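Reader: I would like to go through the labels put on this model and ask what each one rests on.

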Amino acid sequence: MKTALLTLLLAATGEDAGVLQKVYVQGSSVNLRKEPGKDAEVLVKAPIGTECTVTGTAAAEWMKVRCGDYEGYAAVALVAPEKPSVETLRAEAKNPMFTPEHREESALRAALLAPEDAELSKLLGELFFERNFRLLAGFKGTGATKRTFSNTCGWHEVGVCLRNAAAGFLRDVKVRAETRKDLFVVAVRDSENVTVYRGKYQLDPVTTKVKAEVLERSSFSRTPVMDKALFAGVEDVDFGNADIPFGYFVLDDASHALLNELPSAWALLRPGRQGLLSMPFNDCLKKPYLLEFHPDIHGRWLMLRETGPGGREAFWITSVSKRDNELELSLAETYGNDKTRMVFKLPEGRKDIGYLNDMAYTFKLHRYAEQHDNCKEGGP
């Protein structure tokens, strides 16, 4: 096929042809390279539909062309003598006999040729998520560090719940989430890129809490066509003081591994009668005062600490290191630039009590006698 096309194109480039052969970019774009080869310097990216002139030959897979002010080598497979057709590409995108990858690429090429076509834009978005769900269905696992997160949905359906979880504490992002059975695909657009998370989830219908696991993550550069296809009509999520840029506070695999070993919730302990430890209990909220570790979809961890009536602190964990039986936590306040460090001493042996600095906590939330704070109007 490539040989036949190359022969056809070059037939009109000899001295007897009189007119240099015209070709058109067929792919969503083509790299015009300085030399014939995939590793050669890229002079310019020519978008689909660009008219170029054949000026010479090289290897079987490369052709020398001039596109506008640039002359270089283009892959033969990505150019052809005919202009690309929006309707032909639209038909390919709608044809279920083609693979999801082929259909999405055809929709992308058609949308690039006709960016004002709302139907093509919608179809491109649908095919994008279709392909990503297909990738999830065939996921075999990579052995990467497990990334889990959870969120309480309340009256929201799961897709909205996952969207809100992904948008939390972030500024200048748009988020779209789609679900299918127990699978999810979440796309997050920041100032430069679109990041895609693929994973699975479980919903507890009683507590409305969704527990999810990220299986794969990928990203690509923003373009106007994909912005329109994925995020047209998607409203910004208003989180008030959401002033954290996307990508901040994401922990490395080693830190995730250490934090994943911790129970997610710990109850505050204080000396009670006869020196025995007891668990202060918030009668207003019907729960003990907790120390909690919350991972999110982006790989950030939030530490919430209740120190008693009216005392609640929130920190982003920026790094974790382990020394002997202690975790050293570097922390940043949720809103603001203040930073601090705390040491969490882990329980030893079969014990259940750990210490964050000098405050005692247990992960066995029902083991100790409760020390109740009377619930008053406005709080404990």
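Author: The model is predicted. A cavity is a set of grid points where a 1.4 Å probe fits but cannot get out, and its volume is the space filled by probe spheres set on those points. In the largest cavity that space is about 30 Å³.

Reader: Which residues line the largest cavity, and what makes a residue part of the lining?

Author: A lining residue has an atom within 4 Å of a cavity point. A111, A114, P115, D117, S121, V225 and K228 line the largest cavity. By class, 4 are nonpolar, 1 is polar and 2 are charged.

Reader: The structure has 9 aromatic pairs. Why is the pair of F169 and W316 called edge-to-face?

Author: Ring centres must lie within 6.5 Å to pair, and planes over 60 degrees apart count as edge-to-face. For F169 and W316 the values are 5.4 Å and 90°, and the pair is edge-to-face. F169 is in the loop between α5 and β9 and W316 is in strand β18, so the pair ties together parts 147 residues apart in sequence.

Reader: What makes W316 buried and F169 partly exposed?

Author: Buried means under 20% relative accessible area, and exposed means over 50%. W316 has 2%, so W316 counts as buried. F169 has 26%, so F169 is partly exposed.

Reader: Why are the rings of W266 and F344 also described as an edge-to-face pair?

Author: Their centres are 5.1 Å apart and their planes are at 80°, so the pair is edge-to-face. W266 in strand β13 and F344 in strand β20 are 78 residues apart.

Reader: How do you know that the charged end of R189 sits over the ring of F231?

Author: The limits are within 6 Å of the ring centre and within 35 degrees of the ring normal. The charged end of R189 is 5.8 Å from the centre of the F231 ring and is listed as sitting over that ring.

Notes
Residues numbered from 1 in each chain as written. Predicted model: local features only at pLDDT ≥ 70, side-chain atom pairs only at ≥ 80, totals over all residues. Heavy atoms only, no water. 1 Å grid on protein atoms, 1.4 Å probe; cavity = no way out; pocket = protein on both sides within 12 Å on 5 of 7 lines; lining within 4 Å. Nonpolar A, V, L, I, M, F, W, Y, C, P; charged D, E, K, R; others polar. Phe/Tyr/Trp six-rings, centres within 6.5 Å; stacked < 30°, edge-to-face > 60°. Helix = DSSP H or I, 4+ residues; strand = E, 2+ residues; numbered from the N terminus. Buried < 20%, exposed > 50% of the residue type's maximum accessible area, 1.4 Å probe, protein only.
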